[in-house]
Amino acid sequence: RPELNLARFVNSARRLHLPSSFCTSELLELLRILVRKDDVWVPGRRGEALYLRPVLYSATEMLGVAPPDVATLNVIMSPSGDYFGKSGNE
C-alpha cells in the first residue's frame with residue numbers, strides 16, 4: 001500500500017506543477033530509514049499507528065504565478081491513537 005500512496009503523492013505533485021521527478025522507491029526507503037532512526041515514536045499498543053505524511057511545497061524564491069523550479073519535501077511523523085477502541089468495534 002505505501003507504493004500506491006506514493007504514486008498518488010507524485011500525481012498530486014504533477015497536477016500542482018511541483019517538481020515530481022524523484023524516485024518513489026528511494027523515497028519509500030528513506031521513510032523506512034526515518035522510522036527506524038526515530039523508532040521511539042512508533043506506538044507499541046494494538047490499534048495505534050504511526051502517521052506519516054509527506055509534504056511537498058514550492059521553495060522557489062519568487063512571488064508570482066508560475067511553476068516552481070525548486071520544491072522542499074518534508075515528512076510529518078506522529079503517533080496516532082486507537083480511535084476505534086481496543087477491539088476495533090467500539
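Predicted model: local features only at pLDDT ≥ 70, side-chain atom pairs only at ≥ 80, totals over all residues.
Trainee: Which term applies to Glu-48: buried, partly exposed or exposed?
Mentor: The relative accessible area of Glu-48 is 26%. Buried means under 20%, exposed over 50%, and partly exposed in between (1.4 Å probe, protein chains only). Glu-48 is therefore partly exposed.

Trainee: With which residue does Glu-48 form a salt bridge?
Mentor: A salt bridge places a side-chain nitrogen of Lys or Arg within 4 Å of a carboxyl oxygen of Asp or Glu. For Glu-48, the N to O distance is 3.4 Å. The partner, exposed at 61% relative accessibility, is Arg-45.

Trainee: Which residue pairs with Glu-29 in a salt bridge?
Mentor: Glu-29 is partly exposed at 35% relative accessibility. The closest N and O atoms of the pair are 3.5 Å apart. The partner, exposed at 53%, is Arg-36.

Trainee: Which residues does Ser-20 contact, beyond its neighbours within four places in sequence?
Mentor: Ser-20 lies in the loop between helix H1 (2-15) and helix H2 (24-37); helices (H or I, at least four residues) are DSSP runs, numbered from the N terminus. At 16% relative accessibility, Ser-20 counts as buried. Its contacts (heavy atoms within 4.5 Å) are Val-10, Ala-13 and Arg-14.

Key. Residues numbered from 1 in each chain as written. Heavy atoms only, no water. Helix = DSSP H or I, 4+ residues; strand = E, 2+ residues; numbered from the N terminus.
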